[in-house]
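Please look through the structure below with its aromatic rings in mind.

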Amino acid sequence: MKDPLDVFNNLPDYPGSRKPKNRGNKVKAITDDKYNGAKPKKYIIKGIEVLMFTIGDLAKAIGKRPSTLRVWEHRGWLPKAKYRTPKPVKQQIPEKPSQGRRLYTLEQVEFLLEAMTRFKVREVNHGDWNGFRKHIKDNWPQ
């Protein structure tokens with residue numbers, strides 16, 4: 001007895017007569033980018049070249065928004081940035097003092113990534129936020 005599904009053996013795995021352009025046999029390489037595409041920039045601090053992340057790059061690296069990091073800083077969960085870019089020449093917002101962008105060292109970014117993993121704060125309703133905040137407050141690298 002013949003298998004009734006043998007009728008379908010010669011059919012392609014896609015509809016139509018032409019093979020889709022977006023389905024190649026290529027396997028995309030998975031890159032291990034622990035900073036999620038954020039790129040540090042070089043700054044000279046006290047004569048030493050240091051890799052620094054702006055608040056936007058830090059946010060990108062940890063998967064949050066810059067506004068979230070500003071709230072964390074305002075609430076005291078994240079220490080105030082020790083370094084800033086030079087302040088802009090023109091005043092950006094009327095009646096508000098101009099400051100430069102916040103800068104974070106590579107060591108601070110790696111510390112924050114490790115703390116987020118350790119205390120599982122990326123997981124919804126499962127993270128140890130109290131432990132995370134205490135760890136940040138007690139061990140933040142200068």
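How many aromatic pairs are there by the ring-centre rule? Rings of Phe, Tyr and Trp (its six-membered ring) pair if their centres lie within 6.5 Å; planes under 30 degrees apart count as stacked, over 60 as edge-to-face and the rest as tilted. By this rule the count is six. The ring centres of Trp77 and Trp129 are 6.4 Å apart and their planes stand at 45 degrees, so this pair is tilted. Trp77 lies in the loop between α2 (66-75) and β3 (83-84), and Trp129 belongs to helix α4 (residues 129-139), 52 residues apart. Helices (H or I, at least four residues) and strands (E, at least two) are DSSP runs, numbered from the N terminus.

The model is predicted: local features need pLDDT of at least 70, side-chain atom pairs count only at pLDDT 80 or more, and totals for chains, interfaces and linings use all residues. Residues are numbered from 1 along each chain as its sequence is written, and side-chain values use heavy atoms, with hydrogens and water left out.

Ring pairs also link Trp77 and Trp129 with Trp72 and Phe132 into a cluster. The charged end of Arg133 sits over the ring of Trp77, 4.5 Å from its centre; this requires CZ of Arg, or NZ of Lys, within 6 Å of the ring centre and within 35 degrees of the ring normal.

Strands β1 (residues 41-45) and β2 (residues 48-54) run antiparallel and are joined by five bridges; strands pair if DSSP finds at least two bridges between them. Tyr43 has Val50 as its bridge partner in β2.
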